[in-house]
Structures are given as structure tokens and as C-alpha cells.
Amino acid sequence: MKTLNRWLLPKGVEEILPKQAWLIKQYERSLLDLYHAWGYELVIPPLIEYQESLLAGLGQDVDLLSFKLTDQLSGRTLAVRSDMTPQAARIDAHSWAQKGVTRLCYSGTVLHTRPKNALASRTPIEIGAELYGDDSINSDLEVIQLMLASLRLTEKSTIHLDIGHVGIYRALVGELDLPENTESELFGAFDRKSEPEIDQILAPWQTTPVAQMLKSLVGLNGGEAVLDQATNQLAHAPSQVLEALTTIKQTVEQLKANQPDLPIMIDLAELRGYQYHTGMVFSAYIEGIGHAVANGGRYDGIGALFGRDRPATGFTINVNSLVDSIVSREEQASILAPGFLELDGDLQAVIARLRADGQRVIYQLGEELPAHCTKKLSKQEGQWIVTDL
């Protein structure tokens with residue numbers, strides 16, 4: 001009979017041990033303090049919801065990422081959250097429908113049916129912020145700046161920012177009026193950045209200026225000079241395309257004015273989140289990590305599914321990817337205290353005072369000394385004082 005290793009976890013599912021767990025929680029505390037300082041309100045969305053609420057309007061990608069199960073109370077299908085952004089949109093639209101601009105933040109674990117990349121966890125910890133009720137470039141700039149400020153708290157590596165705009169692709173494809181199956185094939189080819197496939201799919205429309213502009217998007221990626229190339233190559237594009245280019249240019253100019261050393265890449269064929277993003281999209285990378293550690297973008301109108309159509313933009317950080325980049329606080333030495341049978345009122349007061357001052361005090365249990373204990377509480381001349389071990 002085969003021996004069952006009961007300590008094995010499902011592929012892509014991980015447990016986080018003490019050192020990394022403390023790093024993550026310290027970073028989470030710092031982020032929530034940062035978001036509070038910027039005026040964002042904390043919400044805690046539920047782990048599961050009805051499938052039709054949680055996945056409404058998010059497209060097939062999110063649907064395939066989400067685990068489903070049957071509710072034993074109602075018989076309806078539930079889904080485990082794979083992304084907290086739509087939950088925040090529902091809270092803004094229905095549960096906490098405030099007037100004017102609303103800023104929300106959240107933190108928690110999500111569950112994926114499969115990892116997003118070869119090294120990704122299926123139970124990532126996500127921390128994010130969302131801004132509702134304003135459709136101006138100011139709100140896009142705010143969330144990008146807040147995302148960058150969040151990553152700077154790691155205090156380690158250079159941050160690289162990628163910017164795109166799904167509205168450019170959307171407007172050009174709309175001009176061609178493609179059959180639904182052809183549009184789906186074209187999207188897949190763009191997602192893979194496969195120029196031969198794109199050429200083949202667009203062959204029946206190859207003489208049209210719009211098809212040529214669509215094909216040019218794959219090559220429009222690189223530094224800020226790409227924006228000048230795009231302005232020339234897309235000069236005769238629909239007005240929505242020109243407006244999108246203007247938005248990207250203004251965003252880059254403002255970011256560079258405040259952070260001249262920030263590396264910015266432009267990718268006009270970036271279609272991540274195409275099913276529900278409506279405008280500018282952005283990703284952040286850190287040196288040494290081969291995938292984005294934070295993603296965001298504009299997703300206007302998603303609240304309409306919950307009864308309130310609102311402009312929306314925001315970002316999410318994958319905390320698991322950042323563990324090796326987070327600067328740890330210095331490991332604090334622990335103070336050893338006698339076991340409970342030796343406690344008296346004076347000792348209890350001393351321990352309480354030390355802990356209130358941020359010191360770590362551990363009671364002696366058994367013969368083994370607790371890890372990191374370099375000092376102890378000793379009674380000398382009737383007073384409890386901290387001495388070296």
C-alpha cells in the first residue's frame with residue numbers, strides 16, 4: 001500500500017513560514033498605513049460569493065481562474081474570489097454607495113485554479129487600491145503614483161513601469177467590424193504578440209488603413225520615443241485612438257516631472273485585462289523578478305452590473321512575488337522571563353511595560369532557550385531588571 005505523505009500540499013499552493021510571514025505582514029501594515037494617509041478606506045470582501053455576482057462582466061480569463069462549488073444552503077453555484085477588484089466595485093456601487101469620489105483598499109488571499117505563470121502561487125496574497133467616481137487623468141496619475149509609492153516601501157530594487165491603453169486596440173478593431181470568431185482569434189494573436197498570425201488573420205482587410213494601423217501596434221513598444229512613432233503611424237486613426245495617445249503622453253510627462261529617473265516603457269499592444277479594462281493599463285516590474293509584481297488600469301462602467309455606473313481605476317500588488325525584495329527590520333533580541341509559577345505583581349508590571357515599549361518577552365518553558373533570547377529578567381536587590389544571559 002502506497003504511503004501517504006500527509007505534509008504534501010497541492011501544486012502551486014504554499015504555506016508561508018515565520019520569517020517570510022513576518023516580512024509580508026510588516027509590508028502589509030506599512031501599505032495600509034500608506035493608503036490611509038492617502039485617504040483610502042479599508043474593506044474586507046468575502047472569500048466566496050454567488051458566481052453570477054463575482055464573475056459578472058469579467059470575461060473568460062477570470063472565469064477560468066475561479067474555483068466553483070455548490071452552496072449546501074441554497075443550491076446555487078458559488079465562486080471563490082480570484083481577484084478582489086470586482087468585489088471592491090460592488091462595494092462601491094451597492095454596499096457603500098457614497099457620493100462623489102470613493103477610495104477603497106483591501107488585502108487578502110485569492111485562489112486560482114492554475115498559476116498565472118510558472119513560478120506563481122495559486123494562493124497569492126493581494127493588496128490593492130481602487131478609486132471610483134472620477135474619469136480624469138488625475139485619478140489615473142494618483143493610482144499610478146500610489147502603486148509606485150507602495151513598491152518603494154520595499155526599499156530595494158529599481159522599479160520599471162510599463163504603460164499601455166486597451167482603448168487603442170478596441171477602437172481600431174471596432175472600425176473593421178470583424179466577425180466574432182475572427183475578433184477572438186485576432187485577440188489571441190495579439191496576446192501572443194504573434195505577427196505572422198496577425199498578418200494571416202487580417203489578410204482579407206490588408207488593403208484598409210485601419211488593418212495596417214492594427215498591425216503596427218505590435219511594433220509600437222519601447223521607450224518614450226514610441227509615442228512619437230505612434231503619433232505618426234496612427235495620425236489618421238479614429239479620434240478615440242488619438243485621445244488615448246494624448247492621455248499616455250500627459251501621464252508620462254507628469255510622472256517624469258516628479259520622478260525623472262523612473263524607467264518607463266510603452267506597449268500599445270498590451271491587452272492584459274482586455275475583457276474589462278477600458279482605458280490606460282499599467283504594470284510594475286522589479287529587477288530580478290521575471291513578471292509584473294503589480295498591475296492596474298482603468299475599468300469604467302463595471303459598477304453598472306451592480307446598479308451604479310461609475311468611472312474606476314486602480315491596481316493590485318502580488319505580495320508573494322515581493323518577499324525577497326522586502327527589507328526586513330532588524331531581528332529584535334528577545335528577553336527571557338521566568339515561568340508563570342514565579343510571577344509576582346512586580347514582575348508582571350515589568351513585563352507589561354517592556355512589551356508596551358515594543359520589546360519581545362518570552363516565558364521560560366522547559367530547558368531549551370527560546371530562539372533569539374540574549375537577555376533575561378533577573379531579580380536583584382528586590383528589583384526585576386534586564387540582564388545579559
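The model is predicted. Helix α4, residues 85–95, is largely enclosed by the rest of the structure, because nine of its 11 residues are buried. A search of the whole structure finds four aromatic pairs; two of them are described below.

**Helix α4**

- The buried residues of α4 are Thr85, Pro86, Gln87, Ala88, Ala89, Arg90, Ile91, Asp92 and Ala93.

**Aspartate 92**

- Aspartate 92 belongs to helix α4.
- Its relative accessible area is 2%, so aspartate 92 counts as buried; the cut-off is under 20%.
- Leaving aside residues up to four places away in sequence, aspartate 92 touches Ala97, Gln98, Thr102, Leu104, Tyr132, Arg308 and Arg310.

**The three-stranded sheet**

- Three strands form an open sheet in the order β2-β4-β3, and the pairing is antiparallel.
- β2 and β3 (68–70) are the edge strands; each has a single partner strand, so one side of each lacks a neighbour in the sheet.
- On average, neighbouring strands of this sheet are turned by 35° against each other, direction ignored.
- β2 and β4 (residues 77–80) run antiparallel and are joined by three bridges.
- Isoleucine 48 stands opposite valine 80, a residue of β4.

**Tyrosine 35 and phenylalanine 315**

- Among the four aromatic pairs is that of tyrosine 35 and phenylalanine 315, which is edge-to-face, with 6.2 Å centre to centre and 75° between the planes.
- This pair links distant parts of the chain: tyrosine 35 lies in helix α1 (residues 18–37) and phenylalanine 315 in strand β12, 280 residues apart.
- Tyrosine 35 is buried at 0% relative accessibility.
- Phenylalanine 315 is buried too, with a relative accessible area of 1%.

**Tyrosine 132 and its partners**

- The ring centres of tyrosine 132 and tyrosine 299 are 6.3 Å apart and the planes stand at 90°, so this pair is edge-to-face.
- Here too, distant parts of the chain are linked: tyrosine 132 is in strand β6, tyrosine 299 is in the loop between β11 (294–298) and β12, and 167 residues separate them.
- Tyrosine 132 and tyrosine 299 are both buried.
- Tyr132, Tyr276 and Tyr299 form a cluster linked by ring pairs.
- Tyr132 is also one of the residues that aspartate 92 touches.

**A charge over a ring**

- Arginine 76 lies over the face of tyrosine 50, at 3.6 Å from the ring centre.

Methods: Residues numbered from 1 in each chain as written. Predicted model: local features only at pLDDT ≥ 70, side-chain atom pairs only at ≥ 80, totals over all residues. Heavy atoms only, no water. Buried < 20%, exposed > 50% of the residue type's maximum accessible area, 1.4 Å probe, protein only. Helix = DSSP H or I, 4+ residues; strand = E, 2+ residues; numbered from the N terminus. Contact = heavy atoms within 4.5 Å. Pairing = 2+ DSSP bridges. Axes fitted to C-alpha atoms, helices over the stretch in contact; angles between N-to-C directions. Phe/Tyr/Trp six-rings, centres within 6.5 Å; stacked < 30°, edge-to-face > 60°. Lys NZ or Arg CZ within 6 Å of the ring centre and 35° of its normal.
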